[in-house]
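Subject: A structure for you to look at

Hello,

Here is the structure I promised to pass on. Please open it alongside this note, and then read on for what turned up in it.

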Amino acid sequence: MDYRTLGRTGLSVSAVGMGTLGAFDVPPGRAEDHCRHLVEEALARGLNFFDTAPAYGAAERVLGRALQGRRAGVILATKVRETTARAARASIERSLERLRTEVIDLLQVHNMVGWREVLPVLEEFREKGRVRFLGLTYYGRETEPEALVFFS
């Protein structure tokens, strides 16, 4: 597996990561067992970067169970998509619980929703050591100027 440095974080992530949108939004049982098997195979092949989000249904819970006991060396990314500080705080706490982890490696503002309101909360979690790095996702060229403000 090839590895690359993730932005300015210094984190070495596998060139291929595993996203959980759709595929990990499954109920407990055989489908969840299949996801656990996918994670085991990915880890065995050197993949270390996993991306999820609360908006992906059961994906955080399923990924958290699949990574239980295998967290060492894994770079775990999730997102927050809230418009108020209070809602963001609650969302992050739920993500930590569902992912069965004490620390999120990369916490991203999902599609820049409410980033000005929630960024101070993300920074609080980072200062407490519950989040290592912050980022954002966006998909529209019209939001690029706002994204540049986030990173300045």
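A word on terms to begin with: a residue is called buried when its relative accessible area is under 20%, exposed when over 50%, and partly exposed in between (1.4 Å probe, protein chains only). Helices (H or I, at least four residues) and strands (E, at least two) are DSSP runs, numbered from the N terminus. This is a predicted model, in which local features need pLDDT of at least 70 and side-chain atom pairs count only at pLDDT 80 or more, while totals for chains, interfaces and linings use all residues. Residues are numbered from 1 along each chain as its sequence is written, and side-chain values use heavy atoms, leaving out hydrogens and water.

Let me start with the sheet. It is open, with 5 strands paired in parallel in the order β3-β4-β5-β6-β7; two strands pair if DSSP finds at least two bridges between them. At the edges are β3 (18-19) and β7 (131-136), each pairing on one side only. Parallel strands β5 (residues 75-80) and β6 (residues 104-109) are joined by 4 bridges, and K79 stands opposite Q108 in β6.

Two helices pack on this sheet. Helix α3 (residues 85-98) touches β5 and β6, and its direction makes about 150 degrees with that of β5. Contact here means heavy atoms within 4.5 Å, and angles, from 0 to 180 degrees, are taken between N-to-C directions of lines fitted to C-alpha atoms, for helices over the stretch in contact. Helix α4 (residues 115-127) touches β5, β6 and β7, at about 160 degrees to the direction of β7. Buried residues in α4 include W115, L119 and F125. Just after α4, G129 takes a positive phi of about 80 degrees.

Next, the nonpolar cores, meaning sets of buried Ala, Val, Leu, Ile, Met, Phe, Trp, Tyr and Cys residues joined through side-chain atoms within 4.5 Å. The largest has 19 residues, of which M18, F24, V39, F50, L63 and L67 touch the most other members. Helices α1 (30-44) and α2 (59-67) each supply at least two residues of this core, and α2 gives the most, with 5 residues. Another core, of 16 residues, lies apart from it and has V80, A88, I104 and L136 among its members.

Finally, have a look at S14, in strand β2 (residues 12-14). S14 counts as buried because its relative accessibility is 5%.

Best wishes
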